[in-house]
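Please read them alongside the coordinates.

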Amino acid sequence: MKAGRPAFPEWVRRLPEYLMIWVPLLLSAAHLVSFSLWTIWISFTPSTLVPVTGWVGLRNYSAVGASRNWQIALDNLLLFGISFVVLSAATGLVLAILLDQRIRGENVLRSVFLYPLAVSFVVTGTVWSWLLNPGLGIQKLVHDLGWTSFKFDWLIDRDMAIWTIVVAAIWQSSGFAMALFLAGLRSVDADIIKAAQIDGAGPIRMYRRIILPSLWPITITVVVIQLQFAISTFDLVRALTNGGPGIATQLPALVVYDLMFQRSLLGRGAAAAVLMLLILLAVLLPYAAWRYVRRRRSSHA
Amino acid sequence: MRERTFAPSRVLIYLIVLLVAAAWLAPLVVVVLNSLRTNEEIAQGSMIGWPQHLAWSNYAAAWSGFCVAETCAGIRPYMLNSALVTIPATIFSTLLGAVAGYAVSLWRFRGDTWIYGIVTLGLFLPQQMRLLPWTIVLRDIGLINTLAGLVLIHTIQGLSFTTLFCRNYYVAIPHDLIRAARIDGAGFFRIFWRIVLPLSPPILIVTVIWQFTHIWNEFLYGVTFTSGQQQPVTAALIALSAAVADIPQHGVQSAAVIIAALPTLLIYVLGGRYFVRGLTAGAVK
Amino acid sequence: MPITTTRRRLLAGSVATLALPAFARAQGAVKPRLTVISQWSAGSDGAAITALGKKFEEKGGVWQHSPVPGFTTEMMNKLRAQIMAGDPPACSQLKGPEIAAWSKIAPTVDLDALVAAAGYEKVVAPDLAKLHKPGGKWIALPLQIYSTNMLFLSKRAMDKAKADKIPVTWADFNDLAEKMKAGGVAFPIANGGTRPDDGQKFEAALAGISPLAYRAAMMNLEKKALEGPEIKAAFAQVRKIADWMDPNVGAQHFSTNLKRFIDGDMGMMIMGGWAQGVLRNAGFKFEDFIIAPGPSDNSKPVFLLNADAFIFWQRKEADLQAGQTLMAQLVMDPAIQTMYSQITGSIPVRTDVDLSGEGWSEGQRTTAKALKDAIASNQAVLSMAHNMAQENGMTAAMIDVITEYVKNKTIKPEQAAARLAEAVESSR
């Protein structure tokens with residue numbers, strides 16, 4: 001690229017850079033778009049074991065919509081999604097604030113809260129299924145220690161089982177929320193804090209008035225990432241409750257996999273997947289709009 | 001709060017943090033204890049308990065003893081398979097994501113917002129939905145049942161995350177720096193190499209940690225697109241847990257879980273500090 | 001038995017050679033090779049298929065097994081990927097009506113000549129044979145049989161109940177459970193709570209109440225039978241069973257309860273014959289429990305058939321074809337079936353294998369006799385819970401209703417019966 005060399009045409013000279021930029025991005029975008037379109041197409045076909053051509057209109061969609069599994073899965077998603085996102089964000093925030101108090105052993109403690117992220121969902125699900133099973137885990141331990149009226153049987157309780165998934169999911173992923181919040185706390189301008197202290201603001205007021213409001217953008221990021229986690233939760237539930245007791249803890253991702261591969265109803269599974277995508281879009285579009293507005297505002301400022 | 005305050009409140013803070021930490025560690029402790037108990041001991045008692053004798057043999061069995069059908073080599077060969085997929089896929093997706101993130105944040109070109117938007121949507125496309133399309137793609141390019149096929153899948157899927165995080169990080173690099181370099185005649189790669197890459201370690205550590213753990217822990221593609229001897233470590237773990245017609249091998253299973261999780265645990269423990277630092281610098285814009 | 005076995009095998013081998021010049025030529029010219037996909041990776045399943053592979057290698061073959069650990073679904077994902085890639089395994093594990101379904105998506109091998117040469121058709125239960133020849137030709141071969149409704153009785157629990165009679169009908173069974181409860185057995189039933197486990201409780205109840213109704217409702221999906229009184233009665237029986245179980249079992253595998261079962265804290269278990277292999281591997285003694293046919297109200301044994309099988313996919317390679325011939329001969333071989341069943345605790349598919357010799361347990365003998373009797377009285381039916389009666393989609397829809405019923409005691413038997421009929425209708 002040195003000057004003085006015989007000049008190549010501009011585009012030849014810049015070819016490597018075009019390739020480096022476009023090939024990976026286009027491959028990634030192409031696979032996402034084509035896979036989504038493919039799934040949408042399959043959802044209108046009578047495919048069962050393998051993809052086939054044909055047209056059944058909305059029959060797959062009405063079959064999915066009418067199934068009890070899907071209805072329960074949607075209810076659960078609403079409950080699980082909201083409670084998990086709120087509780088894991090809250091846990092992450094509290095942990096981040098506590099870790100930000102210049103405490104000793106911060107490195108060790110941070111590792112303790114982060115390590116579940118390193119563990120696979122299957123392992124998390126399996127281990128929590130041991131701990132939460134009343135006949136094997138915590139309840140049995142407490143009984144063996146002598147407190148025999150102790151009861152902790154959410155795992156086998158239809159109404160409470162979904163909360164076991166919330167517990168395991170919080171354990172697994174609130175470390176990520178903590179890391180993000182901690183990152184946010186560390187980037188709050190030290191001068192502003194100093195100034196507030198000079199004004200005589202106490203710690204609680206300082207958090208309420210200055211620090212927490214500055215965490216707002218991070219909170220949105222945390223919420224979106226955790227929501228995405230909630231919607232695609234699959235391995236964890238499969239290992240922890242496998243949708244039970246009965247079908248009480250079905251979730252959309254579980255239903256999609258079940259229909260597509262276990263029941264060999266590819267068309268219906270694809271329809272469920274498309275419905276899931278629509279739910280995702282319903283969550284993501286407002287977020288994208290919010291980001292857009294925010295960017296516009298900051299570029300105008 | 002950055003200032004040291006008076007003692008009682010600090011005692012309370014330590015108390016809370018230590019309690020939560022204990023709760024967070026409990027599952028690990030249970031698995032470690034179980035890895036030192038024999039299968040019979042666990043079967044006859046509870047899942048939570050103190051080892052009667054330290055059954056180190058569980059680790060020997062997990063590492064190189066237990067059988068997956070004809071192959072009685074423990075978890076060892078599967079660890080190698082996972083490494084052969086995870087390491088290249090992590091490197092490729094991180095590097096390509098860094099270049100892409102750099103291009104869309106600092107270099108700007110026609111259509112960058114659109115393509116960036118689509119690529120990041122990939123974070124949200126469910127795994128299960130992509131299984132069959134990948135089957136067709138791998139068939140058509142002849143990479144089914146090869147580790148290269150898995151590397152390709154994880155590289156392309158990983159780009160969504162790495163591009164997003166790198167882009168968010170690079171946005172904060174002052175544009176004047178780039179502009180000045182361009183006026184000096186530096187090209188795309190030179191600026192990347194000389195200016196952007198030296199600033200990147202914090203965010204690259206985040207993406208490497210993220211990609212490594214996700215690919216290492218992946219199961220669905222790992223068993224569908226490999227054959228017998230090439231399966232990833234997660235397949236061997238499932239083989240230990242899913243024996244329908246056998247007594248549960250909880251002792252050996254626990255030992256295998258710990259061995260299989262060592263690489264990712266190590267990466268989080270060693271990289272945890274940088275993880276937060278990298279996020280501070282990048283991910284939250 | 002060894003002498004007759006060898007002679008029959010030699011005979012079968014020579015007839016096959018005469019009847020199949022193409023195969024024979026292939027076999028003579030090349031080293032037989034076999035690519036196999038199965039989910040059998042651990043425990044006695046893994047040990048048994050490993051032993052089969054060894055036999056294959058002893059005959060000069062190259063054995064290339066690719067186990068897919070996990071649920072059957074993952075094995076099927078793998079198989080589907082191979083088929084879609086135009087590279088199916090020479091042979092793969094598949095069972096029940098799935099054999100017919102999958103045979104429509106890729107060409108299979110016509111095994112008629114080999115089956116005829118081995119005289120296999122005569123020694124296979126008729127309902128079972130039908131599943132393996134969906135288009136009228138044999139394309140798959142069953143390898144081993146389990147009954148899903150064997151009754152396991154804990155001797156210590158029997159002592160506590162002061163009972164020594166093995167229950168024959170559901171009324172006997174219920175009596176014994178009450179007696180056990182009164183005698184201090186904490187939980188008269190020791191079953192687990194997985195989806196197939198819940199399905200088994202229902203199928204055992206229905207088939208025991210009326211094999212005819214079972215055949216009509218579960219196997220033929222007749223609307224009238226699905227709305228019949230037997231279904232309600234079966235659900236009522238399932239409720240009793242569920243009430244006698246430890247509620248804490250949740251969705252755990254039945255093996256979590258084996259110790260309490262042997263100790264007499266739990267009394268009975270309705271489980272497949274494989275439980276015997278599990279009990280043996282867990283170090284429990286055969287003297288501590290009794291195996292009997294599941295309850296049957298007409299007093300003749302009802303046998304709920306569950307059979308593992310191999311399907312053979314068409315391949316052009318001469319060595320794979322030779323491998324398929326060799327594998328088919330091995331699978332039908334009584335000596336191989338004996339070896340396989342003795343490892344897993346199942347019984348051979350061949351009804352002509354003599355189980356009186358060494359290496360067989362009392363439970364296996366009981367099971368084999370139950371199968372013979374059940375076939376004679378036309379009471380050998382296909383298991384719904386283990387995907388033998390219907391394709392996976394239909395089975396899963398039925399088990400949804402059943403498992404919800406088992407776990408939710410507020411659902412009435414009539415409601416469950418209506419839901420079952422509804423689930424079948426919407427899955428047709």
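1. Axes here are lines fitted to C-alpha atoms, for helices over the stretch in contact, with angles from 0 to 180 degrees between N-to-C directions. Helices are DSSP runs (H or I, at least four residues) numbered from the N terminus. This is a predicted model: local features need pLDDT of at least 70 and side-chain atom pairs count only at pLDDT 80 or more, while totals for chains, interfaces and linings use all residues. Residues are numbered from 1 along each chain as its sequence is written, and chains are lettered from A in the order in which they are written.

2. In chain A, the axes of α8 (residues 161-186) and α11 (residues 216-232) come within 10 Å and cross at roughly 165 degrees. The two helices are therefore roughly antiparallel (angles over 145 degrees).

3. Contact means C-beta atoms, placed from the backbone, within 7 Å. Between these helices, α8(A) contributes A:Ser173, A:Ala177, A:Leu180, A:Phe181 and A:Gly184, and α11(A) contributes A:Ile218, A:Thr221, A:Val222, A:Gln226 and A:Phe229.

4. Between chains, 71 residues of chain A are in contact with 62 residues of chain B. On the chain A side, helix α2 (residues 15-42) gives the most, with 15 residues.

5. C:Leu305 touches, among others, C:Ala125, C:Leu128, C:Ile145 and C:Met388, leaving aside residues up to four places away in sequence.

Technical notes
Two residues are in contact if their C-beta atoms, placed from the backbone, lie within 7 Å. Angles under 35 degrees count as roughly parallel, over 145 as roughly antiparallel, 65 to 115 as roughly perpendicular and the rest as oblique.
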